[in-house]
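Subject: Structure handover and notes on ring pairs and helix contacts

Dear colleague,

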Amino acid sequence: MELSSSLKLSSPLSPSIVNNNLQGSCSSSYKVKLSYNSSLHKPFLQLDDRSRRLRDQQVSHSSVYLRSFRKGVTAKSGSQGWDIGRFIKTLYFFNGPPSPLKFVSSVFERLTNGSTEEPVNEMETSGIILVAGATGGVGRRVVDILRSRGLPVKALVRNEEKARKMLGPDIDLIVADITKENTLVPEKFKGVRKVINAVSVIVGPKEGDTPERQKYNQGVKFFEPEIKGDSPELVEYVGMRNLINAIKDGVGLENGKLIFGVGDNTFKDLPWGALDDVVMGGVSESNFIIDLTGGENGGPTGIFKGNVSTTNNGGFTSVRTKNFAEAEDLSAYDGLELRLKGDGLRYKLIVRTSQDWDTVGYTASFDTSPGQWQSVRLPFLSLRPVFRARTKSDAPPFNPASIISLQLMFSKFEYDGKLNPTFKEGPFELPLSSIRAYIQEPLTPRFVHVGSAGVTRPDRPGLDLSKQPPAVRLNKELDFILTYKLKGEDLIRESGIPYAIVRPCALTEEPAGADLIFDQGDNITGKVSRDEVARICIAALESPHALNKTFEVKSTVPFSEPFTVDPENPPPEKDYNEYFKNLKDGITGKEALEQSTVSV
């Protein structure tokens, strides 16, 4: 098939500009040359009997007739012409080249029952908690507590046999090594929404240790330490980078995920195409363009604009993206946020989760304020399954892990026979600067990391090393263990993932229950129970006050005094949120390093 067109491109344009000029206004007597092509179905646009009858009913209803010529087809109407040229362009844009029998049948069929929607999984509302380093002293305690509370948990371990012996035969494992990126297969992390990372480089006595690591568990101050196994750089820095990359899409970003439009020093476009009531015989027209200077602050923005008419029983315009090459997984998020400049009208956003053309669209209507830039949030839980303007109560739940296309619509119709109260015929224009997936507030940490007190101290000037823990004094001898732990922390802070970083002082095998001191700035020394740290990590996952905080923790009990608990009279459970409430943003201990830097 050949389409005659006078469109001329004088300069490179974005996909939306190019596509929508091709989709743009056409005259009501647009001529189309029809010719057979071996790559197309033959004969093109031939209808089966049922579709022919439906077509004839539509033609009769809108007084449209076709004049056929040897080299062209012209569409005319007694009142206003139906634009067959634009109709065929729509076919090509979304189906290119199309399967005309299937498309035309779906367009002209006005039945309200039946759907080709494929089954999808139910929408997740909680998700799995991943514990990395699950066979370590803190990690195994985290796993035990989570399972005792009935929470879904996966353990990331290197040694499956050791893990099942320690954690139980029914534990759900991811067997991988964070130092080896190729072992962190994305499919293994499906469903993971939160992470507690207790991975740490192994430090042990030079003279060796018992299988139960009795010397190590007494504390590093009681032996001469050395690095066992992989280096701090590989575990604390490279391993951290690999782990973040593996879980980032699953846990989500604090500022959301950009789907379309203006981001941080970037503009992400999508292949939008007009899908108006021309497919039903109407004459409404719309397109989607990119205005490079029409945005909120003089930057680029998309604009959904057009002219809507109820002629020929029409009454809607829309733009829809082509199906994404790969499904967009937004299961880490709670909805879509549109940044737009309103015009006082009500629009719809339609999200599809199937590659098929004529399927259920998960839909939300939204009102806009005239002349104002505004953010409109549409929670996934509010999306209504709609098929041909009717709610499908038996449709599968929306699956945010499999988003295939997006559609913006301005329509006379709402759902189930109701009308849009703001609808009016004529021109409209909706600037849309971005579509972004968002996490519902209040935000809580999605990644809790167990670090170490002392990470900023090796290079701190004026520090009396004799009063510092062995790891600070021996940082260089231990292959810069604290230096790389700090570098690993920085990767978390720069990742965009909502986080909390817990820096325990010297870890002990004592029970939880001692009074605690939380501090910031990396100055304190002391000891703290591994069991206590595990509980703090789990509590941090649920606390908005722990979001993006870095803090140290120790017990009030001196090193020289053991701490024990009477089983008959255990201490009360702590409300760790009371500690989190006093934490401040932006304090890491690196401030002392930055203040001591002298410019040359």
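Phe398 counts as buried, at 5% relative accessibility, where buried means under 20% relative accessible area, exposed over 50% and partly exposed in between, with a 1.4 Å probe and protein chains only. Please keep in mind that this is a predicted model, in which local features need pLDDT of at least 70 and side-chain atom pairs count only at pLDDT 80 or more, while totals for chains, interfaces and linings use all residues. Residues are numbered from 1 along each chain as its sequence is written, and side-chain values use heavy atoms, with hydrogens and water left out.

The rings of Phe380 and Phe398 have centres 5.2 Å apart and planes at 45°, so this pair is tilted; rings of Phe, Tyr and Trp (its six-membered ring) pair if their centres lie within 6.5 Å, and planes under 30 degrees apart count as stacked, over 60 as edge-to-face and the rest as tilted. Because Phe380 lies in the loop between β18 (373-379) and β19 (384-387), and Phe398 in the loop between β20 and β21, the pair ties together parts that are 18 residues apart in sequence. Helices (H or I, at least four residues) and strands (E, at least two) are DSSP runs, numbered from the N terminus. Phe380 is buried as well as Phe398.

A search of the whole structure finds 17 aromatic pairs. Among them, Tyr362 and Phe398 form a tilted pair, 5.3 Å centre to centre with 55° between the planes, which links Tyr362 in strand β17 (residues 361-367) to Phe398, 36 residues apart. Tyr362 is buried, with a relative accessible area of 1%. Ring pairs also link Phe304, Tyr347, Phe366, Phe410, Phe423 and Phe428 into a cluster.

Turning to the helices, the axes of α5 (residues 137-148) and α11 (residues 530-540) come within 8 Å and cross at roughly 55°, where axes are lines fitted to C-alpha atoms, for helices over the stretch in contact, and angles run from 0 to 180 degrees between N-to-C directions. That makes α5 oblique to α11, given that angles under 35 degrees count as roughly parallel, over 145 as roughly antiparallel, 65 to 115 as roughly perpendicular and the rest as oblique.

For comparison, the axes of α8 (residues 232-251) and α10 (residues 481-495) come within 7 Å and cross at roughly 15°, which makes α8 roughly parallel to α10.
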